[in-house]
Amino acid sequence: MSQMMRAIQMDAFGGPDVMEMREVPVPEPGPGQARIHVAYVGMNPFDAMARSGKIDFMPITFPFTPGLEHTGIVDAVGEGVDDTLVGKRVISRSSFGAYADYSIAHNVSLLLMLDDRIDLKTGCVYRGCSFTAWHALYEACRLKPGETCLLHSAAGPIGIMGAQIAKSDGCAVIGLAGGPDKVSFAKGYAADHVFDYNADVWVEDVMAATNGRGVDVIVDGNGGPNAAHNIDLLAPKGRVVYIGATAGPMPDPVAIPTLIFKNISVVGMNLAPIEDAPGSNTDRTIIENVATGVWRVPITEEVALEDVADLHRRLESRQVRGRAVIRVGGDP
Ligand SMILES: NC(=O)c1ccc[n+]([C@@H]2O[C@H](COP(=O)([O-])OP(=O)(O)OC[C@H]3O[C@@H](n4cnc5c(N)ncnc54)[C@H](OP(=O)(O)O)[C@@H]3O)[C@@H](O)[C@H]2O)c1
C-alpha cells in the first residue's frame, strides 16, 4: 500500500473554496525529478492566479495542487538524478504542487540550494522578490547610485526588497501603498517617503518630494488606473518598468512622440529568462545581504496548510502586507 499524505487539491478553476484538503498517495519522482518534503510555501500571487485560471504560461491539469515558491528537503530522486541531492535543503520555484506534504520538482536542474545561513521560512520568500526587484532596477531600468526611484505596491515583497536594494546604492526611494496601514508598514523598511495612492494628492506628493523634478526610475507591478500617472512623474531620461498588472488592466501604450519629447523610456521585464544564475554576483550579493540581515525579508504571517483558502481570500482583497508563508511541514 502506498504511503499517504495531505494535499490541497482542486478539480476546476474558481474562487478560494475550490481548494480542498485531501489524503492522496505520496508521489514518486520520475526520471530527472526529485521529491521534496515541503517545509514552507510563500503566498505568491501566481498561486491565486493559477487557482482562478489566469495562468497560461505553465501547464495546469486537474486535480491541481497550487504552491509554487517553496522550500524543503529532498527525500527521493528519480532515475538519472545524482542521489547526493537527497537530504539537501532546496528552494523550488518552477513546479506547482507544494500545498502538500511532498512536492515533485519536475526538473532538478532548476532547484536552488538554500544557503546554510538562511532558514527554510525565509528561503521560500527571499529569492523571487529580491531577484525581481534587483533585475527591474538594474537590468531593466539601469538604476545608478544617487537616483530617485518610485515603487508601486511598496508594502508588497517586491516593493520592500526593492526599497532596501535601492537605498543600499545611495538612491532616494519613494513608495506608494494602498491605505494607512500599508503605508506605515512600508515606512518600517527603507523608503524615504511612502504615500497612500488611495489619497487624491499622491501625484502632487511625489512631485513635491522631488522638488518638482520627477523620478528617475519607476517600478510598477500594479498597472490599473494609477499607472496613467507614471509618464508625468518621470524626470528627463527617466525609465519606467512594467512587471505585472495586479490592480487592473495593463497600461495603455505610450506614443513615440511622448517618449522623444520627454526623453523617457518605457520597458517591460519578465524575470525568468534573464535571471542571473546561481553563484553570479547578483546571487551572492542578495544572499549575503539577506543572510546577514542587512536587507530584511518582509514575512508578516505564518498560516497552516488548512487555512490556505482564507489566506487566498485575504490576498485577493489586498489585506496581506509583505509576504505571508504557508507552513506545511515547517522546520525539521
Ligand atoms: N515580471 C516578473 O518577472 C515578475 C516576477 C514576480 C512578480 N511579478 C509581478 O509583480 C507584482 C507584485 O508581485 P508581489 O509578489 O510583490 O505581489 P503581491 O504580494 O501579491 O502584491 C503586491 C501588492 O499588489 C497590490 N495590489 C494591487 N491590486 C491588487 C489586487 N487586486 N490583489 C492583491 N494585491 C493587489 C497590493 O498593494 P496595495 O494594496 O498597496 O496596492 C499588494 O501589496 C505582481 O504583478 C506580480 O505578478 C512580476
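**Figure 1. Two domains of the protein chain in the predicted model.** The domain assignment divides the chain into domain 1, made of 4–117 + 294–327, and domain 2, spanning 130–274. Their C-alpha centres are separated by 29 Å. At the boundary, 8 residues of domain 1 are in contact with 12 residues of domain 2. On the side of domain 1 that touches domain 2, the residues comprise 3 nonpolar, 1 polar and 4 charged.

**Figure 2. The shell of residues around the ligand.** Both domains contribute here, domain 1 and domain 2 each supplying at least three residues to the shell. Of the 25 residues around the ligand, those that come nearest are Gly156, Gly178, Gly221, Gly244 and Leu271. Two or more residues are given by each of the elements α2 (120–140), α3 and α10 (308–316). Helix α2 gives the most, with 3 residues. Sorted by class, the shell holds 11 nonpolar, 11 polar and 3 charged residues.

**Figure 3. The open parallel sheet of 6 strands.** The strands follow the order β10-β9-β8-β11-β12-β13, and their pairing is parallel. Strands β8 (residues 148–151) and β9 (residues 172–177) pair in the parallel sense over 4 bridges, and Leu150 stands opposite Ile174 in β9. Helix α3 (residues 157–168) packs on the sheet, where it touches β8, β9 and β11 (215–220). The direction of α3 makes about 170 degrees with that of β9. Helix α4 (residues 180–187) also packs on the sheet, touching β9 and β10, and its direction makes about 170 degrees with that of β10.

Figure 4. Leaving aside neighbours within four places in sequence, the contacts of Gly159 are Leu151, Ser153, Ala154, Gly175 and Ala186. Ile104 lies 55 residues away from Gly159 along the chain, and their C-alpha atoms are separated by 30 Å.

**Figure 5. Strand β3 and its antiparallel partners β4, β6 and β15.** Strand β3 (residues 34–42) is mostly covered, with 8 of its 9 residues buried. It runs antiparallel to strand β4 (residues 70–77), to which 7 bridges join it. Pairing with strand β6 (residues 102–105) is likewise in the antiparallel sense, over 4 bridges. Arg35 has bridge partners in both of these strands: Ala76 in β4 and Ile104 in β6. Strand β15 (residues 323–327) pairs with β3 in the antiparallel sense over 3 bridges, and the bridge partner of Tyr40 in β15 is Arg327.

**Figure 6. Backbone geometry at Pro63, Arg142 and Asn263.** Most residues other than glycine have a negative phi, and most peptide bonds are trans. The peptide bond from Phe62 to Pro63 is cis, with omega near -5 degrees; Pro63 lies in the loop between α1 (45–51) and β4. Arg142, in the loop between α2 and β8, has a positive phi near 50 degrees. This residue has 14 C-beta neighbours inside 10 Å and counts as partly exposed. Asn263 also has a positive phi, of about 55 degrees, although it is not a glycine. The loop that holds Asn263 lies between α7 (256–262) and β13. Asn263 has 11 C-beta neighbours inside 10 Å, and because a residue with 12 or fewer is classed as exposed, Asn263 counts as exposed.

**Figure 7. Thr285 in helix α9.** Helix α9 comprises residues 281–291. Thr285 has 16 C-beta neighbours inside 10 Å and counts as partly exposed. Thr285 and Leu110 are 175 residues apart in sequence, with a C-alpha to C-alpha distance of 20 Å.

Conventions:
Residues are numbered from 1 along each chain as its sequence is written. This is a predicted model: local features need pLDDT of at least 70, side-chain atom pairs count only at pLDDT 80 or more; totals for chains, interfaces and linings use all residues. Two strands pair if DSSP finds at least two bridges between them. Two residues are in contact if their C-beta atoms, placed from the backbone, lie within 7 Å. Axes are lines fitted to C-alpha atoms, for helices over the stretch in contact, and angles run from 0 to 180 degrees between N-to-C directions. A residue is buried if 20 or more other C-beta atoms lie within 10 Å of its own, exposed if 12 or fewer, and partly exposed in between; C-beta atoms are placed from the backbone. A residue is near a molecule or strand if its C-beta atom, placed from the backbone, lies within 6 Å of it. Ala, Val, Leu, Ile, Met, Phe, Trp, Tyr, Cys and Pro count as nonpolar, Asp, Glu, Lys and Arg as charged, and the others, Gly among them, as polar. Domain bounds come from an automatic or database domain assignment.
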